Amino acid sequence: METLWSDFLNSEWHDWKGSGRSEDRLGQEKWQRYFLTQWQLPAPVPADEDTVAAMRSFRERLHGMSVRLAAGKTLAEEDFAYLNSILDKGAVKRRIEPESGSVRMRLLGVGENWEQVMAEVAASFAETLIRGEGARIRICENPDCRWIFYDDTRNRTKKYCDHKMCGNLMKVRRFRAKRREEGRS
Ligand SMILES: [Zn+2]
């Protein structure tokens, strides 16, 4: 499942097919436009250089936390302090709305800038933690891919970002390795 925070992290793209190619899409106008449209967030495009640098550093921290959570570890006090420092930059207003026979409260971002966007990303990451689902954070087991995703399967055993792509590729690789092994003996 794609979440706001994992989509943000995956702006650092690696060719899952193993060409070794990778691309940092964060600074690209095309990616910025895609991201804002996808998550319905307003901010100026292109983001200026300082903002892109701030986003990269945020992405690196968030990536580090995801890797630790995916490895079954917990976050440190300083991680929470850091997340709060990002959340602080995005003020929200409250809005009450009817929702399928019930009522819900929505928090809407006030700022129309990338600081607000980063705060929304941090809030989405926080939501995953609040629901106690940090343990569902995964890194695709295809070493060339390393896509970060949220495992929404019931038995929590999803290994690859996409079983048709990375899953199949790894199956073929295992098969070939086994055949080579058999050829040798
Ligand atoms: Zn993958």
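Reply: The largest pocket has a volume of about 980 Å³, where volume is the space filled by probe spheres set on grid points that are joined across faces, edges and corners. A pocket here is an open set of points on a 1 Å grid over the protein atoms alone, where a 1.4 Å probe fits, with protein on both sides within 12 Å along at least five of seven lines; lining residues have an atom within 4 Å of a point. The model is predicted: local features need pLDDT of at least 70 and side-chain atom pairs pLDDT 80 or more, while totals for chains, interfaces and linings use all residues. Residues are numbered from 1 along each chain as its sequence is written, and side-chain values use heavy atoms, without hydrogens and water.

The lining of the largest pocket has 32 residues, and Leu4, Leu107, Glu120, Ala123 and Ser124 are the closest to the pocket centre. Two or more lining residues come from each of α1 (4-9), β4 (102-109) and α5 (114-130); helices (H or I, at least four residues) and strands (E, at least two) are DSSP runs numbered from the N terminus. The most is given by α5, with ten residues. By class, the lining holds 17 nonpolar, nine polar and six charged residues, with Ala, Val, Leu, Ile, Met, Phe, Trp, Tyr, Cys and Pro as nonpolar, Asp, Glu, Lys and Arg as charged, and the others, including Gly, as polar.
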